Protein chains: 2
Amino acid sequence: MHQEQRERAEEFLKSKGIERGLFSSPATVRWLTGFAPPIQLGPSVFEGGPALVWYDGGHWTLMVLDSYVPAAGAFGDEPNCQVVSYLGYTIEQSLASTEHLSSLLLHTVAQSQIKSGKLGIEVQSLPVNLWNVLTVDVPHTVERVAIDGWCEPLRMVKTAEELQKLRDNFALTDIGHAAARRAVHIGAREIDVWTAIHSAIEQAAGQRVPMGNDCIVGHRPANIGGSPGDLKIEPNDSVIVDLSTLLHGYWSDSCATYYANELTSKQIEMHRTAEIALQVGMNMIRPGVVAREIDQKLRDLIREAGYPVYPHHSGHGVGVTGHEAPRIVPYSTEVLQAGMVIMLEPGIYFPGETGVRLEDALLVTSDGAEILTHHDKSLPAYE
Amino acid sequence: MHQEQRERAEEFLKSKGIERGLFSSPATVRWLTGFAPPIQLGPSVFEGGPALVWYDGGHWTLMVLDSYVPAAGAFGDEPNCQVVSYLGYTIEQSLASTEHLSSLLLHTVAQSQIKSGKLGIEVQSLPVNLWNVLTVDVPHTVERVAIDGWCEPLRMVKTAEELQKLRDNFALTDIGHAAARRAVHIGAREIDVWTAIHSAIEQAAGQRVPMGNDCIVGHRPANIGGSPGDLKIEPNDSVIVDLSTLLHGYWSDSCATYYANELTSKQIEMHRTAEIALQVGMNMIRPGVVAREIDQKLRDLIREAGYPVYPHHSGHGVGVTGHEAPRIVPYSTEVLQAGMVIMLEPGIYFPGETGVRLEDALLVTSDGAEILTHHDKSLPAYE
């Protein structure tokens with residue numbers, strides 16, 4: 001599980017002369033280990049801090065809250081990997097999980113008996129009290145190196161294992177979009193469409209599935225994105241449904257636009273333009289193309305069709321986060337490589353009136369792209 | 001908004017000789033300001049760190065990601081309060097929100113021109129890089145004092161404003177339980193019951209509502225709690241439904257037990273015993289009673305009825321976290337005070353066979369308790 005990720009990280013650290021590392025970013029921890037605790041309720045009040053990964057010359061140690069051991073368990077079966085845990089909640093004594101995590105980190109680091117060399121640390125997600133632990137057993141002769149963000153470029157090309165997780169996930173958004181298409185009708189509220197989608201996805205998965213992002217009617221003043229509310233779908237409304245799901249610790253994404261009734265001629269033109277933009281973008285996807293060239297092409301196309309150019313990105317990567325490199329934005333000189341998974345999502349918006357956005361996921365292949373999303377984004381036929 | 005909370009915090013800090021403070025715990029920030037960003041998808045990848053509150057001699061500054069300003073806005077209208085923000089995501093330049101938050105903190109602290117005195121800091125949720133900012137503009141003559149956990153006792157007694165938020169919230173769990181009672185039948189899966197509940201709650205609220213906790217059939221090997229799965233409700237199954245919702249930044253809680261069909265005589269006895277235990281606990285709630293006395297009484301009652309004593313707490317407080325002081329546990333010497341809101345939740349479990357848990361929320365009043373939950377926990381009548 002995630003062995004290829006650890007090999008990439010190890011190779012990169014070695015190339016920088018770093019023999020040991022402490023990882024604290026949830027995204028990095030998930031990418032290195034596959035450990036994916038529940039997120040829907042925010043961090044557990046029983047956690048003493050973030051889950052941590054300690055790397056020491058080929059050995060990996062994942063430190064988690066005791067109640068997360070079942071979720072982390074599989075990692076401990078990997079070669080050169082172990083899971084260690086600290087006491088969280090008990091009815092026997094006052095909550096002291098912060099102290100317990102500190103002790104566990106101290107114990108883990110002490111075993112490495114560091115005398116010299118470089119220690120890489122993700123500091124931007126490491127709380128001060130855990131940083132202080134490192135001063136106890138790591139002499140000042142050891143050089144601390146901040147390694148925040150170092151793993152993000154390594155995460156861009158997906159492994160076969162990650163691709164399977166993503167495929168399972170995109171199958172869920174396909175199901176969600178089918179439910180959305182059925183649920184959109186005049187008089188239904190945004191939240192009614194949303195609950196129909198979320199129920200369909202969770203019932204298909206047979207478990208809870210965290211879900212984002214947007215479910216909004218065209219007549220909203222800010223109609224690009226937003227959480228569903230109690231606004232009713234009115235005649236001639238568009239409904240943008242942008243869905244991401246979290247399964248196996250990986251995020252999907254997807255978007256389609258549905259309509260209250262027969263489309264106006266303006267909406268038909270807008271929808272067709274978005275379809276063309278998405279298709280043109282897909283056709284550009286292959287190894288070697290520069291991210292900003294795709295972005296520029298899509299914006300030009302929308303502008304030349306006579307529409308205001310969307311203010312958001314043209315796309316982005318997905319993985320252990322829902323939004324990551326490579327970003328398809330005006331400034332990005334990132335070069336696409338086989339194995340990247342990229343969202344493309346051109347849109348056209350007339351605030352308070354109507355809008356359209358269509359989005360697919362593309363796997364960059366050796367000579368083009370494979371579409372990973374299979375939801376119906378076509379113009380509906382109204383009788 | 002939340003002025004009484006800030007007055008309590010201010011008074012407490014002053015009593016400790018502390019004139020300035022930096023708060024970084026999400027629970028404290030929410031309690032002091034009412035700022036409650038969405039949580040269902042985990043922390044935003046565009047955030048540069050946690051939302052922060054800077055306190056300087058009667059003035060309060062909330063530091064948030066730019067896209068959270070609408071959610072934080074009302075706080076800025078309060079006397080002696082302001083909201084400041086930093087750049088998050090833009091399509092114009094690379095993501096640098098960590099640096100932007102650091103700069104904002106540096107700028108905010110610099111304005112205070114600290115020369116001496118004590119500076120209180122919540123360090124356990126403060127990332128190292130933000131701690132380092134404080135070394136730039138705060139001379140070493142200023143004494144740093146760790147104030148983690150200091151606000152939790154101040155949070156126990158709820159303000160009138162908080163009580164209203166909690167009442168709105170408990171009304172949602174009542175709706176969820178009504179949906180659960182309708183959805184439980186032989187052949188339905190745990191996840192089917194769950195989606196029926198969540199849909200009913202979100203449709204009633206007209207917006208997304210984060211929801212926990214348990215929805216599990218009695219024939220599960222571990223049948224005390226857990227996330228809903230694809231297990232089907234079988235004949236003679238019990239179904240424990242424990243619901244918490246997050247509304248206005250506050251958590252509710254509640255539990256009831258439903259049944260697949262006519263109860264066995266064992267289940268009837270268990271259910272009645274849980275009802276009695278809950279009632280006995282409620283009758284004990286009043287100012288002056290010690291938390292562990294309630295806990296002991298409920299455990300004794302279950303034991304004396306001939307059942308195994310539940311391994312979990314007898315109850316706990318709720319507020320900006322779903323589980324907080326006062327905890328109704330064997331070790332707690334906490335004394336109840338008017339204005340506290342306490343959950344009581346006795347249960348009886350036979351793993352892999354059947355279980356029951358009933359839970360209500362109680363507001364401690366001047367001479368007893370007011371029940372805040374109004375869901376039907378009674379034995380169902382089967383024809």
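## The six-stranded sheet in chain A

Chain A of this predicted model has an open sheet of six strands, ordered E4-E3-E2-E1-E5-E6, with mixed pairing. Strands here are DSSP runs of E with at least two residues, helices are runs of H or I with at least four, and both are numbered from the N terminus. Two strands pair if DSSP finds at least two bridges between them. At the edges of the sheet stand E4 (81–86) and E6 (143–146) of chain A, each with a single partner strand, so one side of each has no neighbour in the sheet. From one strand to the next the twist averages 20 degrees.

Strand E5 (residues 118–121) of chain A pairs with E6(A) in the parallel sense, over four bridges, and A:Leu119 sits opposite A:Arg144 in E6(A).

## A second sheet in chain A

Further along chain A, five strands make an open sheet in the order E12-E11-E13-E16-E17, and here the pairing is antiparallel. Its edges are E12 (324–328) and E17 (369–371) of chain A, each with a single partner strand, so one side of each is left without a neighbour in the sheet. Ignoring direction, neighbouring strands are turned by 25 degrees against each other on average.

At the E17 end, strand E16 (residues 360–364) of chain A runs antiparallel to E17(A), and three bridges join them. A:Leu363 stands opposite A:Glu370 in E17(A).

Over in chain B, strand E3 (residues 59–65) is mostly covered, with six of its seven residues buried. Buried means under 20% relative accessible area, exposed means over 50%, and partly exposed is in between (1.4 Å probe, protein chains only).

E3(B) has an antiparallel pairing with strand E2 (residues 52–56) of chain B, over five bridges, and B:Tyr55 faces B:Trp60 of E3(B) across that pairing. E2(B) and E3(B) form a hairpin with two residues between them, and B:Gly57 in the turn has a positive phi of about 45 degrees. E3(B) also pairs with strand E4 (residues 81–86) of chain B, in the parallel sense over six bridges. There, B:Met63 stands opposite B:Val84 in E4(B).

## Cysteines

Over all chains there are zero disulfides, a disulfide being a pair of cysteine sulfur atoms within 2.5 Å. For B:Cys81, the nearest cysteine sulfur is that of B:Cys151, 14 Å away. B:Cys81 counts as buried because its relative accessibility is 9%. For B:Cys255, the nearest is the sulfur of B:Cys215, at 10 Å; B:Cys255 is buried too, at 0% relative accessibility.

## Cavities

The structure holds four cavities of 30 Å³ or more. A cavity is a set of points on a 1 Å grid over the protein atoms alone where a 1.4 Å probe fits but cannot get out, and lining residues have an atom within 4 Å of a point. Points are joined across faces, edges and corners, and the volume is the space filled by probe spheres set on them.

The largest cavity has about 100 Å³ of space. It is lined by 14 residues, and A:His198, A:Arg208, B:Gln40, B:His198 and B:Arg208 lie nearest its centre. Helix H8 (190–205) of chain A and helix H8 (190–205) of chain B are the elements that give two or more residues to this lining.

## Conventions

Residues are numbered from 1 along each chain as its sequence is written, and chains are lettered from A and ligands numbered from 1 in the order in which they are written. Local features need pLDDT of at least 70 and side-chain atom pairs count only at pLDDT 80 or more, while totals for chains, interfaces and linings use all residues; side-chain values use heavy atoms, with hydrogens and water left out.

Key
Axes are lines fitted to C-alpha atoms, for helices over the stretch in contact, and angles run from 0 to 180 degrees between N-to-C directions. On a 1 Å grid over the protein atoms alone, a cavity is a set of points where a 1.4 Å probe fits but cannot get out, and a pocket is an open set with protein on both sides within 12 Å along at least five of seven lines; lining residues have an atom within 4 Å of a point.
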